[in-house]
Amino acid sequence: PVPPAAYAPVPMEITGEVTADDAEGASLERALRSTQSALRRLELLAESTTDVIGIVEADGTPSYLNRAGLDLLGIDADGPAGFDPRRAYTDASWDVLMTHAVPAAMRDGHWRGELDMQSACGEVIPVSQVMVCHRDADGSVEFFGSVSRDMRARRTLEPLTSRWPEITIADAYHVSLQMVNRRVREDGEKI
C-alpha cells in the first residue's frame, strides 16, 4: 500500500551543516520508515492467516477484511466497501453479536465467544471470535477489530474426544474422509 501524501517523506536539503531542523526531519523520516515497515508486517500477517480478520467503523461500516474473510464470505477482492456485515452471520448469531458482544466490547474493551458465520454459499461455519473495541484519545469508539477462527474441524472431532480411549483407526479414517469431503464441496476439488 502507498502511504497517503500527508505522510510522504519531506526532502531535506543537504548543506554540509546539520541544523536542529535537519536532525528533527531525519528523526521523523526514520520514525515514518519504521512505522511503515511495521504496518507492512502487520498487513502480511493479516493476509497470510486462515483466521478471518475484520475492522468495522463505529457506525458499522466495514473498512477492512483480510483475504480469508473475503474468500469465506465471497466478497470481491476490491474489499468490504458496501458489504452488509449482517450477511456474514446467521440470524441467531447476529442477535448475540448486537445484544451481547458489542455492548460487552464497549464496556470491557473486548468480547470473546462462539458464533455461527455464514459462507457465501450459505454453509453455517462455527467460529471462535474475539472482538476488541478501539477508542480514540477522547474515549469515543473509533472502530471494532475482530478475529474469527473456523471451528469446523474441532467440532467434527469433539464427539470422538469424549471416547478417546475407544477411538480406532477406522474412526480416525472416517473423520478424515468427512473433512476431505467438506473441502471437496467447498473448493470443488476432485480427488
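**Briefing: salt bridges, nonpolar core and surface patch**

Arg107 is exposed, at 62% relative accessibility. In this predicted model, the side chain of Arg107 meets that of Asp108 in a salt bridge, with 3.2 Å from N to O. Asp108 counts as partly exposed, at 44% relative accessibility. The structure holds 5 salt bridges, and its largest nonpolar core has 23 residues.

**Salt bridges**

- Arg149 and Asp51 are joined through their side chains by a salt bridge of 2.8 Å, N to O.
- This pair links distant parts of the chain, 98 residues apart: Arg149 lies in strand S5 (residues 141–150), and Asp51 in the loop between H1 and strand S1 (52–57).
- Asp51 is buried, with a relative accessible area of 9%, whereas Arg149 is partly exposed at 48%.
- Arg67 and Asp71 form a salt bridge whose closest N and O atoms are 3.1 Å apart.
- Because Asp71 and Arg67 are 4 residues apart in helix H2, about one helical turn separates them.
- Arg67 is partly exposed, with a relative accessible area of 31%.
- A network of salt bridges links Glu123, Asp150 and Arg152.

**Nonpolar core**

- Leu73, Tyr89, Leu97, Trp111 and Met131 touch the most other members of the core.
- Helix H2 (67–73), helix H3 (91–108), strand S3 (110–118) and strand S4 (124–135) each give two or more residues to this core.
- H3 supplies the largest share, 6 residues.
- Beyond its neighbours within four places in sequence, Leu97 contacts Tyr89, Val102, Pro103, Leu115, Gln129 and Met131.

**Surface patch**

- Leu39, Leu42 and Leu45 make up a nonpolar surface patch with about 340 Å² of accessible area together.
- Leu39 belongs to helix H1 (residues 20–48) and is exposed, with a relative accessible area of 54%.

Definitions and conventions. Residues numbered from 1 in each chain as written. Predicted model: local features only at pLDDT ≥ 70, side-chain atom pairs only at ≥ 80, totals over all residues. Heavy atoms only, no water. Core = buried A, V, L, I, M, F, W, Y, C linked by side-chain atoms within 4.5 Å. Buried < 20%, exposed > 50% of the residue type's maximum accessible area, 1.4 Å probe, protein only. Contact = heavy atoms within 4.5 Å. Patch = residues over 30% accessible without salt bridge, like charges linked within 9 Å, V, L, I, M, F, W, Y side chains within 5 Å. Areas by Shrake-Rupley, 256 points an atom, 1.4 Å probe, with all protein chains shown as cover. Salt bridge = Lys/Arg side-chain N within 4 Å of Asp/Glu carboxyl O.
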